[in-house]
Amino acid sequence: MPYDDERNTVYFTDRGIEELVERRGDEQVSLEWLGERLRDFVDLNPEFETPIERFATWLARLDDPDDD
């Protein structure tokens with residue numbers, strides 16, 4: 001559920017993203033590492049398989065001009 005402040009609309013999920021950037025924003029990771037963490041997450045939380053699959057596909061195709 002979004003909440004409004006004077007600057008913009010922030011969604012509840014943004015807090016997790018903000019925490020990730022704050023805690024680990026200076027780190028560099030490989031896509032292989034990220035893929036393994038996503039697999040670990042889905043193994044522990046199978047109900048998130050579809051959104052993680054969609055997210056991974058979106059990332060994989062992000063710069064592909066044929067996937068507009």
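Leu 38 counts as buried because its relative accessibility is 17%, below the 20% limit that defines burial. The residue lies in helix α2 of a predicted model. Burial is assigned to 7% of the 68 residues of the protein. Between Leu 38 and Glu 53 the C-alpha to C-alpha distance is 9.1 Å, at a separation of 15 residues in sequence.

The protein contains three helices and two strands. Along the sequence these elements follow the order β-β-α-α-α. The mean pLDDT of the protein is 85, and 78% of the residues score at least 70. Among the elements, helix α2 has the highest mean pLDDT, at 97, whereas strand β1, residues 3–4, has the lowest, at 48.

Two packed helices are described by the angle between their axes and the distance between the axes. Helix α2 spans residues 31–44 and helix α3 spans residues 49–61; their axes come within 10 Å and cross at roughly 165°. Helix α2 is therefore roughly antiparallel to helix α3, since angles over 145 degrees are classed in this way. The crossing of the two helices is left-handed.

Leu 38 also takes part in the contact between these helices. On the α2 side, the contact comprises Leu 34, Leu 38, Phe 41 and Val 42. On the α3 side, Glu 49, Ile 52 and Leu 59 meet these residues. By residue class, the contact of α2 with α3 holds six nonpolar residues and one charged residue, with no polar residues.

Methods:
Residues numbered from 1 in each chain as written. Predicted model: local features only at pLDDT ≥ 70, side-chain atom pairs only at ≥ 80, totals over all residues. Heavy atoms only, no water. Axes fitted to C-alpha atoms, helices over the stretch in contact; angles between N-to-C directions. Helix = DSSP H or I, 4+ residues; strand = E, 2+ residues; numbered from the N terminus. Parallel < 35°, antiparallel > 145°, perpendicular 65-115°, else oblique. Left-handed = near helix turned anticlockwise from the far one by under 90°. Contact = heavy atoms within 4.5 Å. Nonpolar A, V, L, I, M, F, W, Y, C, P; charged D, E, K, R; others polar. pLDDT = per-residue confidence, 0-100. Buried < 20%, exposed > 50% of the residue type's maximum accessible area, 1.4 Å probe, protein only.
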